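User: I have a protein chain to look at for class. Can we go through it together?
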Amino acid sequence: MEKKTNSTLLGHLAAFTCYCIFGFNIVACRNIALSGLVPPLSLFCFRSAGAALLFFLLSKFLPEERLEKGDMFKIFCASMLGLFLTQITFLVAIKETTPLDCSVVASLTPIFTMFMSAIFIKEPITWKKVLGVMVSFGGVLYLILNSVAGELNVTSSSPVGLFLIVLNALFFASYLGIFRPLIAKYHVVTFMKWMFLFSALVSTLLDVRELFSVQYAEFPISLTLTVLGVVFFSTFVAYLLVSSAQKLLRPTLVSLYSYVQPIVAAGLSIYLGMDVLTWQKVCAAIMVFVGVAIVNRSKAKA
């Protein structure tokens, strides 16, 4: 019992840390996109190839684990859904949407995950789970509307950008809901090294011409460091953590931590002097974690 409690706590810590990193990643990727020097698919090539290399290096320090027959194709499908399609839609949409619209639409991920889990792994939809998701969703909306609604023109988001963010949320929710049993079969490092290898191969084949046309010599040091940070922290470390969380927690609960991202964004803007701490932000943060607690106490499939 104590071992299970410790594992659950580790799962919560991994999910929380991962989505904190994803919060910083939004700012970093937006800066890279606005530089105009790195196309979205090229950035994904850097991320997937770099992460694949790091995971293969890490796997050398662990016992060798062989995949069961037929699972290689399943991992390829998981890679396309959970990495390639998810990241490409996000990286293209980041320039086409305002932070307000992007955050609101991305907050649909736990809703999608709840239904995907119910369909594919028969995770029950309980009233506690619905209530928890709604409470956290309400907290995020409250935070966003009180933080940036008066400073941005929401009509500046393009319909294409909003549609891509919806697809992004749907793809990642489907990945969480469909492939959790497969993730549970293997060590996190084993699963991730093949996931990123497949994504690296596909993205490089699609982007090989543009990769050679990128003006690498024009990269300022700050941009180079940002790209390296995105590869190591936002890709390698974050996906190591999210996969660990997936093995220990239910899919809906893992995705619910995506509501931490706007909290991190608000904290970052306060730290940079772009915002101030208000009671509205404190209330929103409380609502987010109350929702997580409610979902955590809901019925789970054995």
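User: How much accessible surface does the protein chain have?
Analyst: This is a predicted model. The accessible surface of the protein chain is about 14,600 Å², and carbon and sulfur atoms account for 71% of that surface.

User: And what share of the residues is buried?
Analyst: Of the 302 residues in the protein chain, 50% are buried.

User: New topic. How many helices and strands are there?
Analyst: The protein chain has 13 helices and zero strands.

User: What part of the contacts links residues 24 or more positions apart?
Analyst: Taking contacts in the protein chain with a separation of 6 or more, 92% are between residues 24 or more positions apart.

User: Pick a helix pair. At what angle do helix 3 and helix 9 pack?
Analyst: Helix 3 covers residues 71–93 and helix 9 covers residues 188–213. They pack at an angle of about 65 degrees, and their axes are 8 Å apart.

User: Why are they called roughly perpendicular?
Analyst: Angles of 65 to 115 degrees count as roughly perpendicular, so helix 3 and helix 9 get that description.

User: Is the crossing left-handed or right-handed?
Analyst: Helix 3 and helix 9 cross in a right-handed way.

User: Which residues meet there?
Analyst: From helix 3 they include Met-72, Ile-75, Phe-76 and Leu-83. On the helix 9 side, Phe-191, Trp-194, Met-195 and Val-202 are among them.

User: How many are nonpolar, polar or charged?
Analyst: The contact of helix 3 with helix 9 has 14 nonpolar residues, three polar ones and no charged ones. Ser-79 in helix 3 and Ser-199 in helix 9 are also part of this contact.

How values were computed
Residues numbered from 1 in each chain as written. Predicted model: local features only at pLDDT ≥ 70, side-chain atom pairs only at ≥ 80, totals over all residues. Heavy atoms only, no water. Helix = DSSP H or I, 4+ residues; strand = E, 2+ residues; numbered from the N terminus. Buried < 20%, exposed > 50% of the residue type's maximum accessible area, 1.4 Å probe, protein only. Contact = heavy atoms within 4.5 Å. Areas by Shrake-Rupley, 256 points an atom, 1.4 Å probe, with all protein chains shown as cover. Axes fitted to C-alpha atoms, helices over the stretch in contact; angles between N-to-C directions. Parallel < 35°, antiparallel > 145°, perpendicular 65-115°, else oblique. Left-handed = near helix turned anticlockwise from the far one by under 90°. Nonpolar A, V, L, I, M, F, W, Y, C, P; charged D, E, K, R; others polar.
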